[in-house]
Amino acid sequence: MPQSAQEWRVWLERHGAALLLFAAQWSSTRSDAEDAMQTGFLRFWQTREKARDEVAYLYTCVRGAAIDLGRGQRRRQVRETAASLPEPSSFDIPSERFERESAIEAALRELPADQREVIVMKIWGDLTFAQIAQALDIPLNTAASRYRYAIRRLENELSSEVGHE
Amino acid sequence: MNEREFNLEAELTAMRPKTPPPALLDQMLAAMHPAPRQSNRLLLCAIGAGALAACTIISIITQDQATHSGQPSPSIVHLDASHPSDQPTVLARANPGWADGLK
């Protein structure tokens, strides 16, 4: 893991997108996800000596910050849902892939939260199952199982959409 | 996992999450080494001023003690040979008036 501010900048430029996507799994808006990422990173930095695996611990901190922020925002969200604009995509989608990747993103949103966060950590965060298990404080087999179920569910959902077209 | 699931996995891996705005990264990195808050600066200034004042007072006191403590510097006064004490040289106190009284 990086040590200096410059090393952290390089790490965040490379892995920050995945971390922000992860924060977005527990946030209702992109702005909330950014706040959670910042708060979570600060929490990680101030307590990182507790970490067995720093990457896993960073994800733990960001997750905790996003959940805490979500609890506080929930009442406001109920009032604002009717007037809110749809959130923009969390992905940079090329125009030629718009339909397919939009469908994938929509199917991803429909996953149960515990499966969705494992998918994000594994696919885009590039964490190992051991790191995912540590970050979520779950057994390794549970992390692997959630991942498999998530992939299967996504595939079924996307296949059924293609079948309906 | 079957072949379609492996293909989906590859599709997912190819998707690019949006990068955080540079300003967010700047804020996160700045928080790693926060600048001293205004109240801390004032406290440090007050402590520094107090230390400086204490050093000044101590130096004044020690200088004053060196000036007034112990015997005055001796001075050698030459007396006339006709002086009844017949001592050509007397070690006298550093009080010019005292030596004048002997002439």
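Which side chains meet in a salt bridge at 3.3 Å, N to O? In this predicted model, the partners are Arg4(B) and Glu155(A).

Several elements of chain A build the side that touches chain B, with at least two residues each from helix H1 (5–24), helix H2 (30–47), strand S1 (91–92), helix H4 (98–110) and helix H7 (140–164). The greatest share comes from H1(A), which gives nine residues. By residue class, this side of chain A holds 19 nonpolar, six polar and ten charged residues.

The extent of the contact can be described in two ways. Counted by residues, 35 from chain A and 23 from chain B take part. Turning to area, the size of an interface is often given as the accessible area lost when the parts come together. For chain A and chain B, the buried area is about 3,100 Å², and carbon and sulfur atoms give 68% of it.

The two chains are also linked through their strands. S1(A) is joined by two bridges to strand S1 of chain B, residues 16–17, and the strands run antiparallel. Within this pairing, Asp92(A) has Arg16(B) of S1(B) as its bridge partner.

Technical notes: Residues numbered from 1 in each chain as written. Chains lettered and ligands numbered in written order. Predicted model: local features only at pLDDT ≥ 70, side-chain atom pairs only at ≥ 80, totals over all residues. Heavy atoms only, no water. Contact = heavy atoms within 4.5 Å. Buried area = accessible area lost by both parts, 1.4 Å probe. Salt bridge = Lys/Arg side-chain N within 4 Å of Asp/Glu carboxyl O. Helix = DSSP H or I, 4+ residues; strand = E, 2+ residues; numbered from the N terminus. Nonpolar A, V, L, I, M, F, W, Y, C, P; charged D, E, K, R; others polar. Pairing = 2+ DSSP bridges.
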